[in-house]
Amino acid sequence: MKGEITYYKILGVNENASNNELRKAFCKLSIELHPDTTSLELEDAKNKFQKVLEAYENLNNSNLRKIYDEKLQVNSKKPNKTNLNVLNPLVMDANNQQLVGNRRPFSNGEMFSLFLLIIIILISLFLAILIASFAGKEIQSIPTWLLR
C-alpha cells in the first residue's frame with residue numbers, strides 16, 4: 001500500500017479526517033484543478049479534477065467510506081497482490097449488466113421538491129390554457145411560423 005495512491009492521498013488528508021476536513025480539502029483542490037480556473041492543460045486538469053471528485057464522493061459518504069477503508073485494510077494485508085480497483089471499490093464491470101451505482105438515493109426533501117416542481121408545471125399549463133380560452137384565443141397545434 002506504500003506506493004499506491006489512495007483517496008486520502010489524492011485529497012491530502014489523513015485517514016481519520018472528518019467530513020468538514022474532507023470538504024475543505026475538496027474545495028481547495030477543486031479551485032486549483034477545475035478546468036475553468038487552472039493553468040494546466042485541459043485534459044490533464046479534467047482527469048485530475050475527476051479523481052478529486054471521485055475521492056470526495058466516496059469518502060464523504062459514510063457507507064462508501066467504510067467499504068473503502070475495509071478494502072484498504074484487506075489490501076494492506078496482502079502486499080504481493082496489487083488490486084487495480086483499490087481507488088474505486090464500486091467499479092462496475094463492463095460485462096455486468098446490473099447497474100451498481102455509488103450515488104445516494106434522493107432524500108425526502110428532494111423528492112418533495114420534485115413533486116412541487118411537477119405540480120407547479122401542471123398548474124402553469126392549466127392556467128395558460130384557461131387564460132387563452134377566456135381571451136378567445138384558439139390553441140394552435142401548428143406554429144404560425146411553420147404555416148408561412
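**View 1. Helix α3 and its neighbours.** The buried residues of α3 pack against α1, α2 and α4. What you are looking at is a predicted model, where local features need pLDDT of at least 70, side-chain atom pairs count only at pLDDT 80 or more, and totals for chains, interfaces and linings use all residues. Residues are numbered from 1 along each chain as its sequence is written, and side-chain values use heavy atoms, with hydrogens and water left out. Which residues of α3 are buried? They are Ala 45, Phe 49, Val 52, Ala 55, Tyr 56, Asn 58 and Leu 59. From its first C-alpha to its last, α3 reaches 26 Å with its 19 residues, close to the 27 Å expected at 1.5 Å a residue. That expected span is 1.5 Å times one less than the number of residues in the helix.

**View 2. The whole chain, for orientation.** Helices (H or I, at least four residues) and strands (E, at least two) are DSSP runs, numbered from the N terminus. Of the 148 residues in the protein, 20% count as buried. Take the contacts with a separation of 6 or more: residues 24 or more positions apart account for 50% of them. The protein exposes about 12,000 Å², and carbon and sulfur atoms supply 59% of that; accessible areas come from the Shrake-Rupley method with a 1.4 Å probe, and for residues only the protein chains shown count as cover.

View 3. How far apart are Asp 44 and Lys 48 along helix α3? They sit four residues apart in that helix (residues 42–60), so about one helical turn separates them. Asp 44 counts as partly exposed because its relative accessibility is 32%. Lys 48 is partly exposed too, at 36%.

View 4. A search of the whole structure finds three aromatic pairs. Rings of Phe, Tyr and Trp (its six-membered ring) pair if their centres lie within 6.5 Å; planes under 30 degrees apart count as stacked, over 60 as edge-to-face, and the rest as tilted. Tyr 7 and Tyr 68 make a stacked pair, 4.6 Å centre to centre with 25° between the planes. This pair links distant parts of the chain: Tyr 7 belongs to helix α1 (residues 7–11) and Tyr 68 to helix α4, 61 residues apart. Are these two tyrosines buried or exposed? Both Tyr 7 and Tyr 68 are buried.

**View 5. Phe 26 stacks on Tyr 56.** Here is another stacked aromatic pair, 4.4 Å centre to centre, with 10° between the planes of Phe 26 and Tyr 56. Phe 26 comes from helix α2 (residues 19–33) and Tyr 56 from helix α3, 30 residues apart, so to speak a link between distant parts of the chain. Phe 26 counts as buried because its relative accessibility is 15%. Tyr 56 is buried as well, with a relative accessible area of 15%.

View 6. The UniProt annotation "transmembrane region", from an unreviewed entry, covers residues 112–135. UniProt positions are given in the numbering used here, feature names are shortened, and annotations may be inferred rather than shown by experiment. Over residues 112–135 the chain is 96% helix and 0% strand, with the end C-alpha atoms 34 Å apart. Just after α5, Gly 136 takes a positive phi of about 80°.

Definitions and conventions. Buried means under 20% relative accessible area, exposed over 50%, partly exposed in between (1.4 Å probe, protein chains only). Contact means heavy atoms within 4.5 Å.
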